[in-house]
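This briefing goes through one structure by topic. Keep the sequence and the 3D view open while reading.

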Amino acid sequence: MVDALFASSEALLVMRNTIARSPREAAPVSSVDDARASYVFARFRRQWAALTGADIGADKRRVVERRLGPVMRAHDVSDLFELTLLIERNGNEALIEEAIDAMTAGETSFFRDRAPFEAFRARILPELMAARGRERRLRIWCAAVSTGQEAYSLAMMLDEAARELRGWSLEILGTDISGAAIETARKGIYTHLEVQQGLSTTHLLRYFHREEENWRVNEHLRARVAFGRFNLLSSPAELGAFDVILCRNAVTSFAPEAKRGVLERLAGLLAEDGYLFLGDAETVDEAAPCFIPTAHPSVWRRRARPRPRLSLV
Amino acid sequence: MKQVLVVDDSAVIRKVARRILEGLHFRTSEAPDGKLGLAECERMMPDVILLDWNMPEMDGLEFLCALRKMPGGTSPKVVFCTTENEVGHIARAMHAGADEYIMKPFDQNIVRSKFQEIGLV
């Protein structure tokens, strides 16, 4: 109904100007303000979902305004409405990128949640090594890698299996929608707090060195991981096939249709016997036909694709 | 419920550490320096020791070496918790028999993470 009241952005601009000229003490203005704010936020949410896949809750307006406030101020954007119009018109690429960076600053840590990494080390890696004994090649994709900790955690695990993996071609690709997060991941520089979340002191001493007040991943480990920007709503076909894909805690905020699309595209890139890791609270419900559950609740195996039938003519 | 001995010359740090550890369901006791810490261990050997480095009387590293020579002194897990955050210090502590190392400032997440590393949480 609110949408119907303000059918176009131009109408809303008129409304905004009218409100700006109206005496603030007039009682109806605040209800118009509320209606306008709701309309603007609904429109922003639609644009944001189209841009990133994330389905922001209708009750998150204050959170969004708080996160995007510094970005809007830095770009002289007056409010969420103006930002929405800029996103719709792709009017300011740098601003949109910074908004994505601000909105997607997610929680991450080395060996986050532990159990999936333990499953990878104890069961999945040995199984894939046995299955790939001939080609001696493994490709792993961290599809929502944020600031890189997940990819480096896997690189440490592969390094610990270096003797068994001698002569193998090992690729770890880390991607994220946020350019700022990827830049941090590439540098591999972390604070005291970050290197003490999930990382043992043994790993810290073996794979990091001090760089001024921070800690940096050693060169030989950084060289094993490639990072790049990637939006999960895009087609990943050019990335090639993977034996393991981790997409943890990324699609949880997506609308069901967007989530299904992402999971189906990931399934399309997984090897026949490949594995998908999601976040602990995530499921493949929307794309259930593509995956088979495993003993570990956040790990799925790809279901074999039906073979095309030969038609006899 | 496991027993943690907090050895630190700062009363504030001991208080903060005890609050965090009790939040993680440990029983706690405390000592303000290494010598009194060892006396506490003689009285009752704890399961875990959260250990500062720089203290009067006996520093953390001396405490650790003496502890490991005591009867039953190899059993407690020792987690350093200190402002000494150079690689050399950390390596010396681990080489001397520490199980984990926390760099101050710390919070509950860090304590939980480090205690998880050594199977205590």
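**Aromatic residues**

Ring pairs join Phe110(A), Tyr152(A), Tyr190(A), Phe208(A) and Phe227(A) into a cluster. The model is a predicted one. Over all chains, the whole structure holds twelve aromatic pairs.

- The pair formed by Phe44(A) and Trp48(A) is stacked, because the ring centres are 5.4 Å apart and the planes are at 25°, under the 30 degrees that sets the limit for stacking.
- Phe44(A) and Trp48(A) both belong to helix H3 (residues 27–52) of chain A, where a spacing of four residues puts about one helical turn between them.
- Phe44(A) counts as buried, with a relative accessibility of 0%.
- Trp48(A) also counts as buried, at 2%.
- In chain B, Trp53(B) and Phe80(B) make a tilted aromatic pair, with 5.1 Å from centre to centre and 40° between the planes.
- Trp53(B) sits in the loop between strand E3 (48–51) and helix H3 (60–69) of chain B, while Phe80(B) is in strand E4 (residues 77–82), so their pairing ties together parts that are 27 residues apart in sequence.
- Both Trp53(B) and Phe80(B) are buried.

**Chain A as a whole**

- Chain A has 13 helices and ten strands.
- Chain A consists of 313 residues, and 48% of them count as buried.
- Taking the contacts in chain A between residues at least 6 apart in sequence, 71% join residues at least 24 apart.

- Val195(A) is part of helix H10 (residues 192–195) of chain A.
- The relative accessibility of Val195(A) is 0%, and the residue therefore counts as buried.
- Leaving out residues up to four places away in sequence, Val195(A) touches Phe110(A), Tyr190(A), Leu204(A), Phe208(A), Trp215(A) and Met103(B).
- Among these neighbours, Phe110(A), Tyr190(A) and Phe208(A) are also members of the aromatic cluster.
- Met103(B), another residue touched by Val195(A), belongs to chain B.
- Between Val195(A) and Phe254(A), which are 59 residues apart along the chain, the C-alpha separation is 30 Å.

**Interface between chain B and chain A**

- The contact involves 17 residues of chain B and 15 residues of chain A.
- The size of an interface is often given as the accessible area lost when the parts come together.
- For chain B and chain A the buried area is about 1,500 Å², and carbon and sulfur atoms give 52% of it.
- Two salt bridges are counted between the two chains.
- A salt bridge joins Glu117(B) to Arg114(A), with the closest N and O atoms 3.0 Å apart.
- Twelve residue pairs are in polar contact between chain B and chain A, counting pairs with both residues at pLDDT 80 or more.
- On the side of chain B that touches chain A, helix H4 (87–95), E5 and H5 of chain B each supply at least two residues.
- H5(B) gives the most to that side, with six residues.
- By type, the residues on this side of chain B are nine nonpolar, four polar and four charged.

**Backbone exceptions**

- Arg114(A) is not a glycine, yet its phi is positive, near 55°.
- Arg114(A) lies in the loop between helix H6 (93–103) and helix H7 (115–131) of chain A.
- With a relative accessible area of 26%, Arg114(A) is partly exposed; this residue also takes part in the salt bridge with Glu117(B).
- Glu212(A), likewise not a glycine, has a positive phi of about 55°.
- The place of Glu212(A) is the loop between strand E4 (208–211) and strand E5 (214–217) of chain A.
- Glu212(A) is exposed, its relative accessible area being 74%.
- The peptide bond between Lys104(B) and Pro105(B) is cis, with omega about 0°.
- Pro105(B) is in the loop between strand E5 (100–103) and helix H5 (108–117) of chain B.
- Both of these elements, E5 and H5 of chain B, supply residues to the side that touches chain A.

Note on methods. Residues are numbered from 1 along each chain as its sequence is written. Chains are lettered from A and ligands numbered from 1 in the order in which they are written. This is a predicted model: local features need pLDDT of at least 70, side-chain atom pairs count only at pLDDT 80 or more; totals for chains, interfaces and linings use all residues. Side-chain values use heavy atoms; hydrogens and water are left out. Buried means under 20% relative accessible area, exposed over 50%, partly exposed in between (1.4 Å probe, protein chains only). Contact means heavy atoms within 4.5 Å. Buried area is the accessible area (1.4 Å probe) that two parts lose on being put together, summed over both. A salt bridge is a side-chain nitrogen of Lys or Arg within 4 Å of a carboxyl oxygen of Asp or Glu. A polar contact is a pair of N or O atoms within 3.5 Å; within protein, one must be able to donate a hydrogen and the other to accept it, and residues adjacent in sequence count only if both atoms are side-chain atoms. Ala, Val, Leu, Ile, Met, Phe, Trp, Tyr, Cys and Pro count as nonpolar, Asp, Glu, Lys and Arg as charged, and the others, Gly among them, as polar. Rings of Phe, Tyr and Trp (its six-membered ring) pair if their centres lie within 6.5 Å; planes under 30 degrees apart count as stacked, over 60 as edge-to-face and the rest as tilted.
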